[in-house]
Amino acid sequence: MLLSRFPRARFAHLPTPLEAAPRLGAALGGLNLFVKRDDCTGLAGGGNKTRKLEFLLGEALAQGADTLITQGAVQSNHVRQTAAAAARFGLTCEIILEERTGSKAADYVGSGNVLLDKLLGGAIRFTPGGSDMNAALEAVAEEVRARGGKPYVIPGGGSNPVGALGYVDCAFELVAQANASGLKIDRIVTATGSAGTHAGLVAGLAVMGADIPVLGVGVRAPKAQQEANVFKLARETAALLGHEDRVTREMVVADCDYVGAGYGLFDEKVAEALKLAARTEALLLDPVYTGKGMLGLISLARQGAFKDETVVFLHTGGSQGLFGYHSELEAYLP
């Protein structure tokens with residue numbers, strides 16, 4: 001179970017804070033709410049992918065890679081953090097951005113994370129929504145090999161068993177913080193998309209025997225598909241640690257009722273969630289992941305789903321993406 005058995009490049013600012021959110025909790029009917037601030041991991045603005053990249057970069061460097069290749073939606077937080085990690089270690093970064101939402105708005109395709117990808121030196125290419133992204137990654141890897149480079153391919157979101165180790169580590173860290181402060185956590189709530197964060201938490205909590213349920217608020221896939229993706233990856237991650245059977249199907253729960261019109265698509269309900277978090281706790285969320293995760297938390301709390309519970313909301317970062325939605329968000333302000 002020792003994570004020290006795995007190569008790791010250490011650059012995250014850890015541990016991240018675990019903060020009380022009393023004003024937001026009060027607005028949700030007196031919910032005892034805490035926020036795990038993984039927006040504060042430090043790499044080029046931070047975010048959850050930084051934890052995953054410590055293990056992914058560790059493996060890449062151990063293999064002698066000189067080029068990182070990854071993919072994501074146009075306003076991908078994962079891509080921004082991967083480009084930053086490449087810059088930090090002197091590696092080339094090849095980026096494929098999928099036009100998943102179909103938006104051609106100038107701020108969406110040129111500001112926010114896209115602007116930061118360019119600033120960090122990432123080489124960007126765009127591909128239409130619905131493309132075979134795994135095939136696209138392999139095609140770029142072949143190009144790198146043909147020019148004499150050594151590629152290391154990172155899947156979207158950094159969501160494979162190696163990347164998910166970052167959230168096994170987060171589970172260990174969160175439990176240690178709770179123990180040190182005498183906090184009894186009844187539930188963890190987080191956005192769930194490419195599955196690595198959700199799966200890593202489930203695997204980490206399972207292998208240490210911590211009885212804390214994790215609720216993933218889906219941002220893209222239907223419930224059955226999302227839960228199947230998370231369960232598969234959680235089992236694979238636990239298997240790396242020698243404890244695959246400790247992850248059971250009942251541990252994986254996703255609520256996918258807050259996706260709205262689709263992945264990365266913005267609406268008034270998400271805007272209201274962003275405003276409530278900002279104006280009660282000065283928490284800056286993003287419209288794609290944390291905004292919808294917070295929308296789920298708000299809606300479920302108001303329905304009485306967390307009565308008498310202490311809930312930790314895992315803030316996975318992404319506020320840099322707000323600038324890619326400037327024109328849409330501004331329509332709902334002040």
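Student: How do the residues of the lining of the largest pocket divide into nonpolar, polar and charged?

Tutor: The lining of the largest pocket holds 10 nonpolar, 15 polar and 6 charged residues. Here Ala, Val, Leu, Ile, Met, Phe, Trp, Tyr, Cys and Pro count as nonpolar, Asp, Glu, Lys and Arg as charged, and the others, Gly among them, as polar. This is a predicted model, in which local features need pLDDT of at least 70 and side-chain atom pairs pLDDT 80 or more, whereas totals for chains, interfaces and linings use all residues. Residues are numbered from 1 along each chain as its sequence is written, and side-chain values use heavy atoms, without hydrogens and water.

Student: What makes a residue part of the lining of a pocket?

Tutor: On a 1 Å grid over the protein atoms alone, a pocket is an open set of points with protein on both sides within 12 Å along at least five of seven lines, and a lining residue has an atom within 4 Å of a point. The largest pocket has 31 such residues, and Gly 156, Ser 159, Gly 193, Ser 194 and Arg 220 lie nearest its centre.

Student: Which element gives the most to the lining of the largest pocket?

Tutor: H9 does, with 6 residues; a helix is a DSSP run (H or I) of at least four residues, and a strand (E) of at least two, numbered from the N terminus.

Student: Why are strand S7 and strand S10 said to pair?

Tutor: Pairing requires at least two bridges found by DSSP. S7 (residues 187-192) and S10 (residues 310-315) have 3 bridges in the parallel sense, and therefore they pair.

Terms used:
1 Å grid on protein atoms, 1.4 Å probe; cavity = no way out; pocket = protein on both sides within 12 Å on 5 of 7 lines; lining within 4 Å.
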